[in-house]
Amino acid sequence: MTFKVPMKIARIILGLSLDKAFDYLIPLELESQVHTGIQVYIPFGKSQRRGYVVGVKDDSAYPVEKLKKIDSVCEVHPKIPENLLNLGKWISEYYCCSQEQAVRALLPSAVRSGKIKRKNIKLYYLVSPDEAQKYIFEKGKKHPAQVKILQMLLQHPGTSYEFMKRETGAGRGVITALLKEKLILEENKEVYRDPFAGAEFVQSCAPDLTEEQKEAVSKINGMMSSKSPKPHTLLLYGVTGSGKTEVYLQAIKTALSLEKDSIVLVPEISLTPQTIERFRSRFGDMVSVLHSSLSDGERFDEWTRIHRGQVKIVVGARSALFAPFNKLGLIIVDEEHENSYKQDEAPRYHARDVAVMRGLMEKAVVILGSATPSFESYNNAISGKYAMMILSKRVDHCVMPKIRIVDMHVEALKSEGKIFSGELVNEIRNRLDRAEQTIIFLNRKGFATKMVCQKCGFVAMCSECSVTYTYSRKRESLSCHLCGAVIPAHKSCPDCKDEKIRYSGIGTEKIESICAGLFPHAGIARMDSDTMTYKNSYEKVLREFRKGKIDILIGTQMIAKGLDFPNVTLVGIINADLSLHIPDFRAEERTFQLLTQVAGRSGRGDVPGEVLVQTYTPQNIAIQCSRTNDFPKFYNEQMAVRKTLNFPPCSHLTAVHFRGPDESQVAKFADEFLDKLRPSINSGIKIGGPIPSPVSKVKSKFRYLIIFRGERMKGFREALREQILHTKRTKDIEVYADVDAVNMM
Ligand code: ADP
Ligand code: ZN
């Protein structure tokens, strides 16, 4: 039964854990102001709360006389555009989180809080030029400072005080005097805080496209000129250096010509000044950049500029996907295989997948670009769900680097415990002789990854987390990479007091010290999260590398992506096996991606590049296929395994995590949780667990995990969402779902 009322009714959500929407009456005097997406004040229990309106309708499932009225509208909070609100609803349902959590992801906190004010400056004008002339003529001799200001305003009406002061040296008093005499007036003008203030960009022109680029652009143009393109998503699979970015730029140009807006997503670590410059130098002021180092004020202004339609292109990391455009024509997801597109806090959405969804909802074309596509996207492309274009060659006839594999078992026989093979040392020496540059990659920082007592076997572990400490020799400290705890390194074993404490496992800090010993005259620098602690240290090292002041650059995955240095002709990978030994069905896929990306840093100039891959498992499929650059073969072989074991993309995978300070309670809670859920789990869904997570303790909280895999998961997800949002919690126990999880540690 529903109840008809003369007044309209708003559905309102509020509160973090509450998912329910409540019905409120809209008083007649507010009717014109209350729309979907705005925030309102409402009476709730004995207090007043703020909530989002998620819908307006004519009737209610509740008796009208029990409904309360909306108190007022929050003026300061911008409205969430309806298209984003719909996207938020989908996110909350698909990713099993509350609507409020999803809505939070849609608006930057600077916008949501309503605390940021628009920035105004005062500009000055003459009341009348004639009066000003008269004043100069009659009283000028006595008041030279006033004259300077008036003359300035005669030439430049609408000038700020700061400018006038800089040019004439006049103080506030002069302005006040002129205002009093009614010779000048002041006006407030709203201005934007500009993160690019002072930056100049040289206009760039489009180069002549290669044949492959041309084909890709024309395919994309075809999709964009269709009213509702089918499919609306295209995988741009192009080897490193094949000119994918140029294709993006051309696609954006097409969007502009159709008067449509574009969003470009790049992984946070690729959001460098070089990347931004490529877009700004082509499209200038039409580009807005959203990145994590914007101040709240700048973020607020950028959002406002986008919302008002004053920019046409947004470049940014994950959250830029929610740019409040309403004429969206194009979404580009660069490096679509990157795991950082998955948010690791609620809502745990995958920006690539949400991009495809937003594209579908708003009839925009989506381009997913990568040199190493995710299995998910490649699978969708070969099954026809996505279109695909391939860029198989590097531009400018640069050849792909030659990759050589060094079997470290053989090397180890030559001299025990070697970290650098003879071949790698020789090749680096050759580069130094020829004044070419080398990149050395090891995806682990620190000096050693383990501190072990040789006498009693003691291993230094973090007291809060179930992992070993990483040792830094420079700082003589031990640190935990999970919780960030740092303690002084032990001088002797804390257990048996023996002084034969040893370090094992290598990190980039150790590589740096070995390099310094091997090549005493070379310029060496290291780039990892230990050395890149200052805001501009990244830029500084890259500048010096570009200038040739650094011969050997050592780094973690920070240097694996995007760097384009023509003089780098050698890349050395110290231990290609590191990423193979993680307990994850995607370990091979990650290794393939990482090796291909790192190798792509070599030979981007005139001299062909070389890559040396040191490994203990030279026959591994990921290592072999990255050597021959054979993604299709790698994909086919791995897919056979995924099919047999029913892992994504042959199924959907959802992980449910449990955390708490008491291990047995966490385990018990997980068991009961699963029992309650069981009736909603169809027979096609496989259940793994509950089991302790691979990293079973972090920050003193124990972690359990259940993994669900199946092909049809919609009904299950609905039940799971209900249960997560509405189960009574035992105090201290946290439970959440990670739909399409990419990391199960
Ligand atoms: P990817 O993103 O595929 O790794 P980029 O877009 O960075 O490749 O292109 C590599 C380099 O080639 C860049 O310096 C770019 O400016 C240049 N480039 C791209 N397309 C062309 C072209 N058609 N003609 C000349 N240079 C190009
Ligand atoms: Zn820790």
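Which residues are buried in α2? This is a predicted model, and the tour begins by selecting helix α2, residues 99-106. The buried residues there are Gln99, Glu100, Ala102, Val103, Ala105 and Leu106. Because 6 of the 8 residues of helix α2 are buried, it is largely enclosed by the rest of the structure.

**Ligand 1**

Select ligand 1 next, together with the 17 residues that surround it, of which Asp208, Gln213, Gly241, Lys244 and Arg278 are the closest. Sorted by class, this shell consists of 4 nonpolar, 7 polar and 6 charged residues. Helix α9, residues 244-257, supplies the largest share of the shell, with 3 residues.

Now display the distances between ligand 1 and the backbone. A polar backbone atom of aspartate 208 is 2.8 Å from a nitrogen atom of the ligand, while an oxygen atom of ligand 1 lies 3.2 Å from a backbone N or O atom of serine 242. At threonine 245, a polar backbone atom is 3.1 Å from an oxygen atom of ligand 1. Of the 560 Å² that ligand 1 exposes when taken alone, the protein buries 74%.

Cysteine 462 belongs to the loop between β18 (448-453) and β19 (470-472), and cysteine 480 to the loop between β20 (477-479) and β21 (486-488), so the pair ties together parts that are 18 residues apart in sequence. If you colour by accessibility, cysteine 462 is buried, at a relative accessible area of 5%, and cysteine 480 is buried as well, at 4%.

**Two tyrosines in strands**

Select tyrosine 125, which lies in strand β6, residues 119-126. With a relative accessibility of 27%, tyrosine 125 counts as partly exposed. A C-alpha to C-alpha distance drawn from tyrosine 125 to leucine 67 spans 54 Å, and the two are 58 residues apart in sequence.

Then go to tyrosine 704, in strand β29, residues 701-710. Is tyrosine 704 buried or exposed? At 11% relative accessibility, tyrosine 704 counts as buried. From tyrosine 704 to glycine 55 the C-alpha atoms are 38 Å apart in space, across a sequence separation of 649 residues.

**Backbone geometry**

Glutamate 335, which is not a glycine, has a positive phi near 50 degrees, and is placed in the loop between β13 (328-334) and α12 (351-361). Glutamate 335 is also buried, with a relative accessible area of 12%. Lysine 363 likewise has a positive phi in a residue other than glycine, with a value near 55 degrees, and sits in the loop between α12 and β14 (365-370).

For omega, select proline 648 and proline 649, which are joined by a cis peptide bond with omega about 5 degrees; proline 649 is in the loop between α20 (631-645) and β27 (652-660). Another cis peptide bond runs from glycine 689 to proline 690, with omega near 5 degrees, and here proline 690 is part of strand β28, residues 686-698.

**Asparagine 682**

Finish at asparagine 682, in the loop between α21 (663-677) and β28, where a relative accessibility of 37% makes it count as partly exposed. Which backbone atoms lie 2.9 Å and 3.4 Å from polar atoms of its side chain? The backbone nitrogen of glycine 684 lies 2.9 Å from a polar atom of the asparagine 682 side chain, and the backbone oxygen of arginine 712 lies 3.4 Å from a polar atom of that side chain.

Key
Residues numbered from 1 in each chain as written. Chains lettered and ligands numbered in written order. Predicted model: local features only at pLDDT ≥ 70, side-chain atom pairs only at ≥ 80, totals over all residues. Heavy atoms only, no water. Buried < 20%, exposed > 50% of the residue type's maximum accessible area, 1.4 Å probe, protein only. Helix = DSSP H or I, 4+ residues; strand = E, 2+ residues; numbered from the N terminus. Near = heavy atom within 4 Å. Polar contact = N/O pair within 3.5 Å; in protein donor to acceptor, adjacent residues only side chain to side chain. Areas by Shrake-Rupley, 256 points an atom, 1.4 Å probe, with all protein chains shown as cover. Nonpolar A, V, L, I, M, F, W, Y, C, P; charged D, E, K, R; others polar.
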